[in-house]
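Hi,

Here is the structure I promised to pass on.

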Amino acid sequence: MMLFESAWVDEKAPDPRSDMTDAAFPTAAPRQHAASAATKAGDAAGGLSSQCCAAHRQRLHRALLDALDLRRRDVSSLTDQALRQEASKVLTDIIAADHLLPPSADRRTLVREIVDEAVGLGPLEPLLADPEITEIMVNRHDEIYVEREGRLSRQQGGFSSEEAVRAIIERIVSPLGRRIDESSPMVDARLADGSRINAVIPPIALRGASLTIRKFPGIRPGMDDLLRSGTLDVNMSRFLSACVSSRKNIIVSGGTGTGKTTLLNILSNCIGCAERIVTIEDAAELRLDHQHLVALESRPANTEGRGRIEIRDLVRNALRMRPDRIIIGECRGSEAFDMLAAMNTGHEGALTTLHANSPRDALARLETMILMAGMDLPLAVVREHIAASVDFIVQQTRLGDGRRIVSSIVEVNGMESSRIQTQEIYRFQSRPAPAFIGCGVIPECFLDDEGRALLPPDLFCQHTLLPKANQAGLPAHCSSMKTCNADDMTDVL
């Protein structure tokens with residue numbers, strides 16, 4: 001199966017699948033071109049039961065691999081497009097000579113799906129092409145879930161076998177120099193379009209090989225998109241833009257899938273175009289519009305256990321690169337100390353994310369990460385270091401209806417009685433009506449020496465109702481948010 005390691009990479013080549021199958025089976029139903037329609041398609045074999053269909057797919061899949069393996073010398077030099085054409089031709093001949101396949105089976109669809117699985121990404125291909133899907137989760141070979149608009153749903157269909165999932169994982173990670181086997185059963189990688197992938201296999205995956213894909217959006221969202229989706233309101237967006245422009249150190253905190261990286265990317269694009277930016281990530285997800293940009297990515301150890309480059313190494317190296325801004329995709333370990341040191345020693349305006357359920361939890365996590373880094377420092381010193389380095393914490397939350405919001409913006413303003421002091425600038429209230437509330441507090445860092453506000457005071461005193469969710473419980477895309485009566489609102493929690 002390693003014969004087809006790089007077959008999935010060629011994204012720009014025209015798709016020969018429809019030409020081959022249409023010529024071979026002219027009476028078959030016309031192909032559905034819409035990606036969203038393809039993701040909702042049923043069994044490939046028309047009237048066959050799913051169990052019977054899976055059995056025929058496994059049998060034909062093995063026959064195709066055996067036939068191509070006999071032609072290894074002929075196909076090893078083929079391009080991805082030519083390999084797909086050759087596989088389609090071989091499988092068409094196999095099906096034409098097969099007497100076990102019932103007449104009701106949709107042969108054209110079988111050819112497309114089996115070839116996808118043999119030389120492509122199988123049932124994942126239409127899911128990756130569907131712009132409505134943001135995450136794909138393969139729990140086992142016959143169980144696939146997807147996320148649309150923050151909601152999970154079971155996807156019809158699946159892989160033909162456990163071996164097919166393993167082959168596709170190998171096909172993804174091998175060109176990247178990664179490996180996955182019993183001695184190393186976990187791997188992180190990414191597709192050519194930037195989508196992030198995590199794969200685990202037995203023995204640690206008890207139900208079979210599992211694959212999770214966080215899709216990279218084709219269209220990069222901006223601040224206006226956050227306003228339309230109700231992630232925050234106008235005052236909050238203006239304030240965050242002012243924080244980035246005035247070089248405040250910001251941490252975006254939240255749980256998994258709450259939109260931290262999306263918000264970080266949007267805030268990063270508020271940085272002046274003349275500034276030099278260095279981004280540091282585990283898996284490259286940030287897409288900035290700046291020309292003066294250096295993007296660094298960590299690297300795992302190779303098959304010999306050598307060559308590992310950690311986030312902390314990249315942070316230290318970035319300080320030697322004369323950065324105006326340092327952006328760390330996610331802070332999760334010992335790099336926290338170096339990041340805070342950079343924030344507090346002339347590299348203001350740093351941005352990063354971390355996993356935490358509240359701003360207070362985010363501060364506690366920073367303390368823990370620094371202490372776990374092996375720094376022999378008293379807790380009081382660690383807290384002073386955090387309080388002197390971080391200016392604001394932006395908390396992201398995902399609501400019950402799937403929409404993602406900025407639930408709190410908190411200023412970190414020093415130490416008192418050995419405790420880091422914070423004050424909330426904005427918050428989200430769920431009852432009696434969901435709304436974004438300005439707490440009426442002007443941040444201390446936006447007061448001059450005489451106590452006068454450097455930003456308009458009315459920026460912190462709004463009461464903006466969250467846009468209604470539609471009848472399906474998904475976010476309504478409104479053009480603006482405004483204050484209205486309680487009768488016009490829908491409680492989304």
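**What I found**

Of the 493 residues in the protein chain, 49% are buried (under 20% relative accessible area; exposed is over 50% and partly exposed is in between, with a 1.4 Å probe and protein chains only). Before you go further: this is a predicted model, in which local features need pLDDT of at least 70 and side-chain atom pairs count only at pLDDT 80 or more, while totals for chains, interfaces and linings use all residues. Residues are numbered from 1 along each chain as its sequence is written, and side-chain values use heavy atoms, with hydrogens and water left out.

The chain has 15 helices and 16 strands (DSSP runs numbered from the N terminus: H or I of at least four residues for helices, E of at least two for strands). Among its contacts with a separation of 6 or more, 59% are between residues 24 or more positions apart; a contact here means heavy atoms within 4.5 Å.

**H14 and H15**

Start with helix H14 (residues 359-372) and helix H15 (residues 379-389), whose axes come within 10 Å and cross at roughly 125°. That makes H14 oblique to H15 (under 35 degrees counts as roughly parallel, over 145 as roughly antiparallel, 65 to 115 as roughly perpendicular, and the rest as oblique). The axes are lines fitted to C-alpha atoms, for helices over the stretch in contact, and angles run from 0 to 180 degrees between N-to-C directions.

On the H14 side you'll find Leu363, Leu366, Glu367, Ile370 and Leu371, which meet Leu379, Val382, Arg383 and Ile386 of H15. The residues of this contact split into seven nonpolar, no polar and two charged (Ala, Val, Leu, Ile, Met, Phe, Trp, Tyr, Cys and Pro are nonpolar; Asp, Glu, Lys and Arg are charged; the others, Gly among them, are polar).

Which residues of H15 are buried? They are Val382, His385, Ile386, Ala387 and Ser389. Their cover includes H14, helix H13 (335-343), strand E13 (404-416) and strand E14 (419-429).

**Glutamate 285**

This one sits in the loop between strand E8 (277-281) and strand E9 (293-297). Glutamate 285 counts as buried, because its relative accessibility is 16%. Its side chain makes a polar contact with the side chain of arginine 196 at 2.8 Å (a pair of N or O atoms within 3.5 Å; within protein, one must be able to donate a hydrogen and the other to accept it, and residues adjacent in sequence count only if both atoms are side-chain atoms). Leaving aside residues up to four places away in sequence, glutamate 285 touches Arg196, Arg214, Phe216, Thr261 and Asn265.

**Backbone spots to check**

The peptide bond from proline 202 to proline 203 is cis, with omega near 15°, and proline 203 is in the loop between strand E5 (196-200) and strand E6 (210-214). Arginine 431 to proline 432 is also a cis peptide bond, with omega near 5°; proline 432 is in the loop between E14 and strand E15 (435-438).

Glutamate 149 is in the loop between strand E2 (143-148) and strand E3 (151-155) and is partly exposed at 38% relative accessible area. Serine 417, in the loop between E13 and E14, is exposed at 70%.

Cheers
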